[in-house]
Structure formats: structure tokens, C-alpha cells
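Subject: Handing over the model, with notes

Dear colleague,

Please find the structure below, followed by my notes on it. I would be glad if you could read the two side by side.

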Amino acid sequence: MSESAKPVDVAVGILMKSNGDVLLGQRPDGKPYAGYWEFPGGKVEPGESILDALKREFLEELGIVVLGAEPWCCVEHVYPHAHVRLYFYISRAWEGEPQSLEGQAFAWQGSLGVGPLLPATIPLIEWLDRLRYAD
Ligand SMILES: Nc1nc2c([nH]c(=O)n2[C@@H]2O[C@H](COP(=O)(O)OP(=O)(O)OP(=O)(O)O)[C@@H](O)[C@H]2O)c(=O)[nH]1
């Protein structure tokens with residue numbers, strides 16, 4: 001039960017193209033919720049800022065250099081395997097083309113697409129639609 005008492009901070013990045021498409025990745029075998037889709041990211045390491053964690057994860061997983069990202073929203077979720085606090089950032093500025101450096105599948109998506117999504121990420125898709133089709 002100690003896991004539910006102390007949330008784990010997770011940095012999550014939404015790469016958004018000018019047409020509104022966003023990048024999703026599929027969780028690899030061997031992790032909880034393998035095969036589910038999520039926005040790229042991962043756990044924040046001790047002493048690391050959330051933005052630094054985001055940049056590190058994007059470089060490790062995708063070979064992308066995030067040039068800028070804005071904090072968007074924070075969601076807490078209690079899974080059987082972990083209690084997480086997800087810090088979602090939106091980035092419209094990066095360098096490089098996403099490559100699958102750790103073997104995951106990735107896909108650029110409009111409003112509807114791949115699934116299933118991680119439970120904590122589902123509401124984000126609706127909020128995101130309001131944001132990207134607002135202007
Ligand atoms: N990256 C990411 N993680 C999410 C999302 N939604 C969500 O609930 N999570 C949760 O946040 C946690 C992220 O941890 P992870 O296991 O992917 O991170 P990591 O790569 O640093 O882990 P590891 O190095 O321990 O294997 C998981 O518990 C995952 O279920 C999302 O949209 N993106």
C-alpha cells in the first residue's frame with residue numbers, strides 16, 4: 001500500500017504538429033499495460049526537473065531533441081501497480097524525426113485513432129481536441 005501513499009512523478013510529452021496531429025507510442029512487452037497506447041514519457045529521476053526528464057525520455061525513446069514545451073495539465077491516477085502523478089507538456093518545437101529506439105510502435109494521430117489508451121490518458125484526448133481544434 002506504500003505505493004498508493006507516495007505518487008511517482010512522470011513527465012509526459014505531447015508532440016503536436018501544426019495540423020493538430022499528436023504522437024502516441026505503444027507500451028512495450030514486459031511493462032504493465034503492455035500494448036496500450038500512451039504519450040511518450042517516463043518517470044522523473046531523483047534530482048531531475050520534470051522538463052529535463054521529458055527531454056531525456058524523448059532523446060532515449062525517440063531520438064528527438066525537444067526545443068520547447070509548455071506545462072499543460074497534471075493528472076493523478078492510482079493503478080494496481082503504481083500511484084502516478086502525470087505532468088503533461090505540449091511541445092510544438094523539436095528537432096529530428098521520431099525513431100523507435102527502444103522497439104516501440106509510434107503513430108501520429110488526429111482525434112481518433114489507436115487504442116486502447118492507458119486509463120489515465122483517456123480524458124486527455126478529449127481535452128486535447130478542444131485545444132487543437134479551437135483555433
Ligand atoms: N509515458 C506515459 N506514462 C503514462 C501515461 N498515462 C499513464 O497512466 N502513464 C503511467 O505512468 C507511468 C510511466 O512509467 P513508465 O514505466 O512508462 O516509465 P519509465 O519508462 O521511466 O519506467 P521504467 O524505467 O521504470 O521502466 C506508468 O505507470 C504508466 O502507466 C502516458 O500517457 N504516458
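Why does G41 count as buried? G41 has 23 C-beta neighbours inside 10 Å, and it therefore counts as buried, the rule being that a residue is buried if 20 or more other C-beta atoms lie within 10 Å of its own, exposed if 12 or fewer, and partly exposed in between, with C-beta atoms placed from the backbone.

Two remarks on the basis of these notes come first. Residues are numbered from 1 along each chain as its sequence is written. This is a predicted model, in which local features need pLDDT of at least 70 and side-chain atom pairs count only at pLDDT 80 or more, whereas totals for chains, interfaces and linings use all residues.

The overall fold

The protein chain contains 3 helices and 7 strands, where helices (H or I, at least four residues) and strands (E, at least two) are DSSP runs numbered from the N terminus. Read from the N terminus, the order of the elements is α-β-β-β-β-α-β-β-β-α. The radius of gyration of the protein chain is 14 Å, which agrees with the value near 14 Å that a compact globule of 135 residues would have; this radius is taken over C-alpha atoms, and the globule rule is 2.2 Å times the number of residues to the power 0.38. Along the principal axes, the C-alpha atoms fill a box of roughly 45 × 30 × 30 Å. Of the 135 residues, 27% count as buried. Among the contacts with a separation of 6 or more, 67% are accounted for by residues 24 or more positions apart, two residues being in contact if their C-beta atoms, placed from the backbone, lie within 7 Å.

The annotated positions

The unreviewed UniProt entry gives a "binding site" annotation that covers G41 and E61, with positions in the numbering used here, feature names shortened, and the caution that annotations may be inferred rather than shown by experiment. Although these positions are spread over 21 residues of sequence, they cluster in space, with a largest C-alpha distance of 8.3 Å. G41 lies in strand β4 (residues 41-43) and, leaving aside its neighbours within four places in sequence, is in contact with V10, A11, V12, G13, L54 and E57. E61 belongs to helix α2 (residues 50-62) and is buried, because 21 other C-beta atoms lie within 10 Å; with neighbours within four places in sequence again left aside, the contacts of E61 are P40, L101 and E102.

The unreviewed UniProt entry also places a "binding site" feature at R27, E38, F39, P40 and G41. R27 sits in the loop between β2 and β3 (37-38) and counts as partly exposed, because it has 16 C-beta neighbours inside 10 Å. Beyond four places in sequence, R27 is in contact with Y33, A34, G35, Y36 and E38.

The ligand shell

The ligand is surrounded by 18 residues, of which E38, G41, G42, K43 and A120 are the closest; a residue is near a molecule if its C-beta atom, placed from the backbone, lies within 6 Å of it. At least two residues of this shell come from each of β1 (8-15), β4 and β6 (83-95), and β4 supplies the largest share, 3 residues. The shell divides into 11 nonpolar, 4 polar and 3 charged residues, with Ala, Val, Leu, Ile, Met, Phe, Trp, Tyr, Cys and Pro taken as nonpolar, Asp, Glu, Lys and Arg as charged, and the others, Gly among them, as polar.

The nonpolar core

The largest nonpolar core has 26 residues, and V10, A11, V12, I14, L54, Y87 and F88 touch the most other members; such a core is a set of buried Ala, Val, Leu, Ile, Met, Phe, Trp, Tyr and Cys residues joined through C-beta atoms within 7 Å. β6 gives the most to this core, with 6 residues. Leaving aside neighbours within four places in sequence, L54 is in contact with A11, G13, G41, V66, A69 and Y89. A69, in strand β5, is buried, with 22 other C-beta atoms within 10 Å, and its C-alpha atom is separated by 5.3 Å from that of I90, 21 residues apart along the chain.

With best wishes
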